[in-house]
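Work through the exercises below with the sequence and the model open side by side. Try each task before reading its solution.

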Amino acid sequence: MAMTQRITISLDDRTAAALEEFVGWCNEANRAASGCTSHGELTRSRLLAMLAEDAGQVVTRPGSWEGAGMRTLLNSHGY
């Protein structure tokens, strides 16, 4: 079984509030899909963990849509 690591980040209030609103949108989509989303009901922490998983898939599953999509996103930031 994989170990779990805790990573702490700091966000400004505006970004934290925007994430909270976005999580609400995601949860509306989850309810509209009767819970048939990849990660179910989200919190800000669960959303960021999901995005971290997708970033990791750039390495572990580079051909997956998650890994390829995250690579494209990061390329747009110059990485």
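Predicted model: local features only at pLDDT ≥ 70, side-chain atom pairs only at ≥ 80, totals over all residues.

**Exercise 1. Find the aromatic pair in the structure and classify its geometry.**

Step 1. A search of the whole structure returns one aromatic pair. The ring centres of phenylalanine 22 and tryptophan 25 are 6.2 Å apart, and their planes stand at 75 degrees.

Step 2. Planes over 60 degrees apart count as edge-to-face, so at 75 degrees this pair is edge-to-face.

Step 3. Both residues belong to helix H1 (residues 13–32), where they are three residues apart, about one turn of the helix.

Step 4. For phenylalanine 22 the relative accessible area is 38%.

**Exercise 2. Compare the span of H1 with the expected one, and locate its buried residues.**

Step 1. H1 contains 20 residues, and from first to last C-alpha it reaches 29 Å. This is close to the 28 Å expected at 1.5 Å a residue.

Step 2. Ala16, Leu19, Val23, Asn27 and Asn30 are the buried residues of H1. They lie on the same side of the helix, because the arc they cover around the axis is only 80 degrees.

Step 3. On the face turned away from that buried side, H1 carries the exposed residues Arg14 and Ala32.

Step 4. Helix H2 (44–60) is included in what covers the buried residues of H1.

**Exercise 3. Describe what is found at the start of H1 and just after it.**

Step 1. At the start of H1, look at aspartate 12: one of its side-chain oxygens comes to within 3.1 Å of the backbone nitrogen of arginine 14.

Step 2. Just after H1 comes serine 34, with a positive phi of about 55 degrees. Serine 34 has this positive phi although it is not a glycine.

Step 3. The loop between H1 and H2 holds serine 34. Its relative accessible area is 65%, so serine 34 is exposed.

**Exercise 4. Which residues form the largest nonpolar core, and which elements give two or more residues to it?**

Step 1. The largest nonpolar core consists of five residues, namely Leu19, Val23, Leu42, Leu47 and Met50.

Step 2. H1 and H2 are the elements that contribute two or more residues to this core.

Step 3. Take valine 23 as one of the core residues. Not counting residues up to four places away in sequence, valine 23 touches Leu42, Thr43, Arg44 and Leu47.

Step 4. As background, nonpolar side chains in soluble globular proteins tend to be buried together.

**Exercise 5. Is asparagine 30 buried or exposed, and what does its side chain contact?**

Step 1. Asparagine 30 is placed in helix H1. With a relative accessible area of 6%, asparagine 30 falls under the 20% limit and is therefore buried.

Step 2. Its side chain makes a polar contact, at 3.5 Å, with the side chain of glutamate 41.

Step 3. Beyond neighbours within four places in sequence, asparagine 30 is in contact with Gly35, Cys36, Thr37, Gly40 and Glu41.

Methods. Residues numbered from 1 in each chain as written. Heavy atoms only, no water. Phe/Tyr/Trp six-rings, centres within 6.5 Å; stacked < 30°, edge-to-face > 60°. Helix = DSSP H or I, 4+ residues; strand = E, 2+ residues; numbered from the N terminus. Buried < 20%, exposed > 50% of the residue type's maximum accessible area, 1.4 Å probe, protein only. Expected span 1.5 Å × (residues − 1). Arc of directions from axis to C-beta. Contact = heavy atoms within 4.5 Å. Polar contact = N/O pair within 3.5 Å; in protein donor to acceptor, adjacent residues only side chain to side chain. Core = buried A, V, L, I, M, F, W, Y, C linked by side-chain atoms within 4.5 Å.
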